[in-house]
Amino acid sequence: MSVLTRDEAQTRARLLDVHRYSIELDLTTGDETFDSRTVIRFSARTDATTFVELKPAELRAATLDGMPLDPASLDGNRLPLENLTAGEHELRVEAAMRYSRTGEGMHRFTDPTDGETYVYTQLFLDDVQRVYAAFDQPDLKSVFELTVTAPDGWTVLANGITERLDDGRWQAAPTPLISTYLVAVAAGPWHSVRTEHRGLPFGLHCRRSLAPYLDPDADELFEITRQCFDRYHEKFEEPYPFDSYDQAFVPEFNAGAMENPGLVTFRDEFVYRSAVTDTERQTRAMVVAHEMAHMWFGDLVTLRWWDDIWLNESFAEYMGYQTLTEATRFTDTWTDFGVARKAWGYDADQRPSTHPVAPENVDDTASALLNFDGISYAKGASALRQLVAWLGEKDFLAGINTHFARHRFANAGLADFIDSLASATERDVHAWADAWLRTTGVDTLRPVVTRADEGTYALQIEHTGSRPHRVAVGLYDQDVADESRHLVLRRRLDLDVPQTGSHPLGKRPALLVINDGDLTYAKIRFDAESFETVRANLCGLPDPLTRAVVWNALRDSVRDGELAPTAYLETARAHLPHETDLALVQGVLAFATAQVAGRYIAPEGRPAALATLSSLCRDLIRRTEDGDNPGLRLIAVRHFIDVAAQPDTIAAWLADGTVPGGPELDPELRWRVLARLAVLGAVDEAEIATELDRDLSATGQEGAARCRAALPDEAGKAKAWEAMFGSDDLSNYLFTATAQGFWQPEQADLVGPYVARYYEDAVAVSARRGPAIADAAGRSAFPVHAVDAETLRLGEACLRDADLLPALRRKLVDQLDDLRRALRVREAVRPR
């Protein structure tokens, strides 16, 4: 299959105007394929030859202006349109298209709970071609008319309001001008909850088997939707541009959500079958806010080419967090962003695969797909947050509204956006864009405290990097009226970096925190005295966002080999039992478990690390015995299960169906316990089968696959490996679940022979099954526990010698860089 290059897209955009697509889909033709009929009305500006894209199971017929085209002329995914003349044209294409089991194109899923079948589209970035014939590039916008024939009892959802016709077909209202990748269909026996807001129909949809879990949350989801909708209308002069707003929670979805106009699709793990923390509810609400922001950033005004994906994702990320903070009960969203999302950006930006927020070298669609990472989302959102701090929100919003007015229902690039901002301010936003959006890497800011006059001190900020920063510096002192660890904010300094001269401090503070408030994107460090205060008093900082900045600094110091991993664990052990912010507890425990205990500490130190984490979680469980903080207790119970070195306690919980004092073990906790017991060799296949009989849901199937792959048994490991790499039967979710269970640090000797096999088999399965499985093979199936020179050598040889799918190559580049980092961290703390 040929990927579309930027040069080809620009050539075709100069040639064509696309007016209307009429698409008919028939979903009643069997389990493997569906019928797709497309009529494209377009005009050519000059005489030329071009092509249309599609990836059919069978191309049955095609005509151009009534003249038949030879189906055999389809070359990969390109059907040539030769000898076009200037003027109007009509292309008709009839094909059978394959359903997907990997979340690409038209994904088909049968619910194991009740046997009901659902299909939905995911057409980003170039998977349009798996569903209908298209001039598949974002700057050839068109009106779309869609008709779907579906089985009796199904409901069809689409970008516009749908109507069931007398002959059993469903017809969607024509769309405004949108890009090909934004067309959406979701069909099946949906359970739907509907309401109306400001004259528009709103809907929530999920599988029937999830109805008991969606219904209790429907009021919360609608409230968040209404609050964000209203707040965006206060910010944006352009009203919501579509005729309805449906949110469908769909199975086996590869992303968190997709911003299809009028029909946002979400992974249906957001319909909670088990207990969740308020931070997890906040995350779901943020995704709702993020996707709604896309209705303007991405759908109304769409990027011209994929080098400007940040115009979609960075803006939706920033607006999602900011709007949630302003309009809903979730007022501390930036803390979660700081400890979770921002770390994703920092990590991505320090790898060889880093790229600018707004890159200039996205030459084709395969390259573009690799840039949906922590840079396009988290770093870009951080850059925009810094822009707002520097520019002011009033001018920022004025520039955005100018941008919408200039480019509504059209396309725009970086230069267009910067010009819109420049129209609203006298500041040099072009220079800002060059410094922030065209560069790579993470700046580092270090405080240098010097003695000035008698008893007074001055501050300079040592700046490694090239970007200008507007930062707050928090000066904290110990609370002399309190013998506890509490710290008191003396004042905050607003400084520009690079700095001219030094800034007077007065008496020396106990702690200096650069980037207090987390308004810029940079790694920070501490002076020696401040670091000692952090070690002793971190939990005494009054603001959770400040604590997030400090925890991120400690995390970065570990990753850079400047702080021993054991010191991080000791700090967590000392301060996390006193932490009140759930996002911080979750973020610190996740890093401590997966990275510190899982990779940065050598195998001989892992038992002690797990014991420290187990003790920490016990403290949190004891602290929450009164039931006042069920979210914190749930986090502690989850992590206690994950780090259990002995089976007795968690096996007793499973047998009793509850943790003493709560919570009761719901399906998520039961599968979590069973997975850890499988790793420890404390359950067998019969017990996994019994649990699956208890929970026949899709997540139950995934839980069973994870547990079976985790059993310390040679035959079981061989069977799991064959399922992942030898056959193509696993869906994207079952592949990932099996991979998650397979590699376990406690089973290094047992799985050792598979490390060398991994590279060859990952290359082969990726070539057969495509980008979604390639991503899963590189992300979830990589042997992350094998931190040694041989794993690195084998991986480097694979990158050098193998013909890799781009999605797998990118994942391996990142995994191997993380492996090198882990080796450096171990070397840095090795006794000399």
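In the predicted model, F109 faces Y118, a residue of strand β9. The two strands concerned are β8 and β9 (residues 117–122), which run antiparallel and are joined by 6 bridges. Both belong to an open sheet of 4 strands, ordered β8-β9-β14-β11. Pairing in this sheet is antiparallel. Its edges are formed by β8 (105–110) and β11 (155–158), each of which pairs on one side only. From one strand to the next, the twist averages 10°.

A second open sheet contains 8 strands. Their order is β5-β4-β7-β2-β1-β10-β13-β12, and the pairing is mixed. Strands β5 (67–68) and β12 (162–164) lie at the edges, each with pairing on one side only. Within this sheet, strand β2 (residues 33–44) runs antiparallel to strand β7 (residues 87–98). The two are connected by 12 bridges. R41 stands opposite E90 of β7. Strands of a sheet pair through backbone hydrogen bonds, in either a parallel or an antiparallel manner.

Elsewhere in the chain, helix α17 (residues 630–643) carries R638. Is this arginine, R638, buried or exposed? R638 is buried, because its relative accessible area is 7%, under the 20% cut-off for burial. Leaving aside residues up to four places away in sequence, R638 touches A275, V276, T277, E280, E668, L669 and R672.

At the level of the whole protein chain, the secondary structure comprises 27 helices and 28 strands. The radius of gyration is 27 Å, close to the 28 Å that the globule rule gives for 832 residues, so the chain is as compact as a globular protein of that length. The C-alpha trace spans about 90 × 70 × 55 Å along its principal axes. Of the 832 residues, 60% are buried. Contacts were also examined by sequence separation. Among those with a separation of 6 or more, 72% involve residues 24 or more positions apart. The accessible surface of the protein chain is about 30800 Å². Carbon and sulfur atoms account for 48% of that surface.

Technical notes:
Residues numbered from 1 in each chain as written. Predicted model: local features only at pLDDT ≥ 70, side-chain atom pairs only at ≥ 80, totals over all residues. Heavy atoms only, no water. Pairing = 2+ DSSP bridges. Buried < 20%, exposed > 50% of the residue type's maximum accessible area, 1.4 Å probe, protein only. Contact = heavy atoms within 4.5 Å. Axes fitted to C-alpha atoms, helices over the stretch in contact; angles between N-to-C directions. Rg over C-alpha atoms; globule rule 2.2 N^0.38 Å. Areas by Shrake-Rupley, 256 points an atom, 1.4 Å probe, with all protein chains shown as cover.
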